[in-house]
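Welcome, and please open your viewer. This short tour goes stop by stop, telling you what to select and what to look for there.

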Amino acid sequence: MEKAIDTYFLQKEEPVKSYLQALRSIILKFDRNITETWKYSMPVYCYNGKMFCYLWVHKKYKQPYIGIVEGKKIDHPQLIQEKRARMKIMLFDPAKDIPLRTLNTILKTALALYK
């Protein structure tokens, strides 16, 4: 039986679908203490049981993004807050390669807040 989290990824249109699946893989491989769960009707990634980040598609821009739960504590030019109080997001253009160096820097900085 297909899980809701898998359905979330499979129901997306290309190229967003493949991009989100690649981001999912990157996040899960980033640290062995990161786990995937289904909360608030979206894929959420926890570090040692605490919400760390999530994946979603921006309603206005139709672009995939990673939401960093403690984003307000991180000062990085690729993170935008919009009207969020606590979280910041990093938007991705699915027509371009994933900016791995930038993503790794942001994930590393965010993880450090949990240690």
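A word to carry along: a residue is called buried when its relative accessible area is under 20%, exposed when it is over 50%, and partly exposed in between (1.4 Å probe, protein chains only). You are looking at a predicted model, where local features need pLDDT of at least 70 and side-chain atom pairs count only at pLDDT 80 or more, while totals for chains, interfaces and linings use all residues. Residues are numbered from 1 along each chain as its sequence is written, and side-chain values use heavy atoms, with hydrogens and water left out.

**Stop one: helix H2**

Select residues 16–30, which form helix H2. Helices (H or I, at least four residues) and strands (E, at least two) are DSSP runs, numbered from the N terminus. H2 has 15 residues and reaches 21 Å from its first C-alpha to its last, close to the expected 21 Å; the expected span is 1.5 Å times one less than the number of residues.

Now colour the buried residues of H2: Val-16, Tyr-19, Leu-20, Leu-23, Arg-24, Ile-26 and Ile-27. Turn the view to look down the axis of H2: these buried residues fall within an arc of 165 degrees, so they line one face of the helix. The arc is taken from the directions from the helix axis to the C-beta atoms.

**Stop two: Arg-24 and its partners**

Stay on Arg-24, which counts as buried at 16% relative accessibility. Arg-24 forms a salt bridge with Glu-36, with the closest N and O atoms 2.7 Å apart. A salt bridge is a side-chain nitrogen of Lys or Arg within 4 Å of a carboxyl oxygen of Asp or Glu. Glu-36 sits in strand E1 and Arg-24 in helix H2, 12 residues apart, so this pair links distant parts of the chain. Glu-36 is partly exposed, at 26%.

How many salt bridges does a search of the whole structure find? The count is 5.

Select Lys-73 and Glu-70, whose side chains meet in a salt bridge (3.5 Å, N to O). Lys-73 is exposed at 53%, whereas Glu-70 is buried at 12%.

Finally, select Arg-84 and Glu-82, a salt bridge with its closest N and O atoms 2.6 Å apart. Arg-84 is partly exposed at 22%, and Glu-82 is partly exposed at 41%.
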